[in-house]
Amino acid sequence: MIAVVTPADMHALGVRIGQSLKAGDLILINGPLGAGKTVLAQGLGQALGHSDITSPTFVISRVHKGALSLIHVDAYRLVDSENPNLYLDDLDLDSQRESAVIVIEWGGQESARLDDERLEIFIDRSEEIRKVSATGIGPRWQGFTL
């Protein structure tokens, strides 16, 4: 777990994590409203060569095409739906995985089932200074540290 003081620090953390990403990676970012999930995703995107990352809250998913594409999903509106698994499946993320990194904000159990190998990031903002932790699931993420 690391302390993140400012939005610029959160963005820099995203850049640092993003430098190790490759096609097929699944990143789940969780934390309360206002924790910095989108700022972290913007840093991930910058590391992949994307500068136009905005929150996909109202459109659910945005695809940023490039040498390594980024699929940015905000599952907030899906989590409270009657069948979040069905709506997540409707995004057809599996068909795009081989050529992209998928980043899912509010990526809970529904999102975790997409891959046995994933990086789960949690942002705690219960105190003034945010604390970020990451858990690597599967061989791809073995030994990963922030």
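Let me start with the side chains of D25 and R140, which meet in a salt bridge at 2.7 Å, N to O, where a salt bridge is a side-chain nitrogen of Lys or Arg within 4 Å of a carboxyl oxygen of Asp or Glu. This pair links distant parts of the chain, with D25 in the loop between α1 and β2 (26-30) and R140 in the segment after β7 (130-137), 115 residues apart.

Please keep in mind that this is a predicted model, in which local features need pLDDT of at least 70 and side-chain atom pairs count only at pLDDT 80 or more, while totals for chains, interfaces and linings use all residues. Residues are numbered from 1 along each chain as its sequence is written, and side-chain values use heavy atoms, with hydrogens and water left out.

D25 counts as buried because its relative accessibility is 4%, and R140, at 24%, counts as partly exposed; buried means under 20% relative accessible area, exposed over 50%, and partly exposed in between, with a 1.4 Å probe and protein chains only.

The whole structure holds three salt bridges, and another of them joins E120 and R118 at 2.6 Å, N to O, with E120 partly exposed at 26% and R118 buried at 12%.

Turning to the helices, the axes of α1 (residues 7-18) and α2 (residues 37-47) come within 7 Å and cross at roughly 40°, so α1 is oblique to α2; angles under 35 degrees count as roughly parallel, over 145 as roughly antiparallel, 65 to 115 as roughly perpendicular and the rest as oblique.

Finally, W106, in the loop between β5 (100-105) and α5 (109-112), has a positive phi of about 60° although it is not a glycine.

Note on methods:
Helices (H or I, at least four residues) and strands (E, at least two) are DSSP runs, numbered from the N terminus. Axes are lines fitted to C-alpha atoms, for helices over the stretch in contact, and angles run from 0 to 180 degrees between N-to-C directions.
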